[in-house]
Amino acid sequence: MPEIQIRTLKSSPDICATLGEMLVETVENGGSVSFMHPLPFEAANEFWRNSLASADRGERIVLGAFDGEDLIGTVTLVLNLAQNQPHRAEIAKMMTRVSHRHRGIATLLLREAERIAIARGRWLLVLDTAEDEGAAGLYERMGFQLTGLIPDYALKPHGGLTGTLIYWKRLQDAVPA
């Protein structure tokens, strides 16, 4: 397998379409990423057009993992938070193609998101993941701390409720006052 490359994604029809396909595939396979199954491709594509437009405005950074020329994973670092939270960012929309799962791609994406967060002065990361079939184990291995569980927080993509686990991670020990 060629070396996986992590790159910042820019808006283009091809990137939006590939991310849209990845989002549809994730939801189809039970991934709890805010959408219900069946997810129409056009809705997924529209989500990514808006997300990448937000990235173009500097409100977020969308990272992509590439296996050669193939985009096979993504994570978003949300930077545009409330005025009293300039030190914080949120991890969102972590997805890896089914064909590439359990190969360390999500770990590479998270490490790059952490590196960029520090470079942007964001030293506190937060995220949430589904209690059922979420990525809690990955986040805990990466040093995220569980704050708690909100029961019955969201519908699973194929129906039924799931709780949401809330995590945080401090990226540096010394925090500015």
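A residue is called buried here if its relative accessible area is under 20%, exposed if that area is over 50%, and partly exposed in between, as computed with a 1.4 Å probe on protein chains only. The model is predicted, and local features therefore need pLDDT of at least 70 and side-chain atom pairs count only at pLDDT 80 or more, whereas totals for chains, interfaces and linings use all residues. Residues are numbered from 1 along each chain as its sequence is written, and side-chain values use heavy atoms, with hydrogens and water left out.

Helices (H or I, at least four residues) and strands (E, at least two) are taken as DSSP runs and numbered from the N terminus. Helix α1 covers residues 13-28, and its 16 residues should span 22 Å at 1.5 Å a residue, which agrees with the 22 Å between its end C-alpha atoms; the expected span is 1.5 Å times one less than the number of residues. Buried residues of α1 are I15, C16, L19, G20, M22, L23, V24, E25, T26 and V27, and what covers them includes α2 (41-56), β2 (60-67), β3 (70-78) and β4 (88-96). After α1 comes G30, with a positive phi near 90°.

Helix α2 also has 16 residues, and the 22 Å from its first C-alpha to its last is close to the 22 Å expected at 1.5 Å a residue. Within α2 the residues A44, N45, W48, S51, L52, S54 and A55 are buried, and the buried residues of this helix pack against α1, β2, β3 and β4.

Strand pairing, for which DSSP must find at least two bridges between two strands, places β7 (residues 161-170) beside two partners. Strand β5 (residues 124-130) runs antiparallel to β7 and is joined to it by seven bridges, with T129 opposite L165. Strand β6 (residues 145-155) is likewise antiparallel to β7 and joined to it by seven bridges, and here A154 stands opposite T162. Five residues separate β6 and β7 in the hairpin that they form, and G159 in the turn has a positive phi of about 105°.

A nonpolar core is defined as a set of buried Ala, Val, Leu, Ile, Met, Phe, Trp, Tyr and Cys residues joined through side-chain atoms within 4.5 Å. The largest such core has 27 residues, of which L77 and I91 touch the most other members. Two or more residues are given to this core by each of β2, β3, β4, α3 (105-119), β5, α4 (136-141) and β7, and α3 supplies the largest share, seven residues. Apart from this core lies another, of 19 residues, among them L19, V33, W48 and M95. Beyond its neighbours within four places in sequence, L77 is in contact (heavy atoms within 4.5 Å) with residues including R60, I61, I91, I116 and L125.

Rings of Phe, Tyr and Trp (its six-membered ring) are paired if their centres lie within 6.5 Å, and planes under 30 degrees apart count as stacked, over 60 as edge-to-face and the rest as tilted. Four aromatic pairs are counted by this rule. F35 and F47 form an edge-to-face pair, 5.4 Å centre to centre with 80° between the planes; because F35 lies in the loop between α1 and α2 and F47 in helix α2, the pair ties together parts that are twelve residues apart in sequence. Y139 and F144 also pair edge-to-face, at 5.9 Å centre to centre and 70° between the planes, and both are buried.
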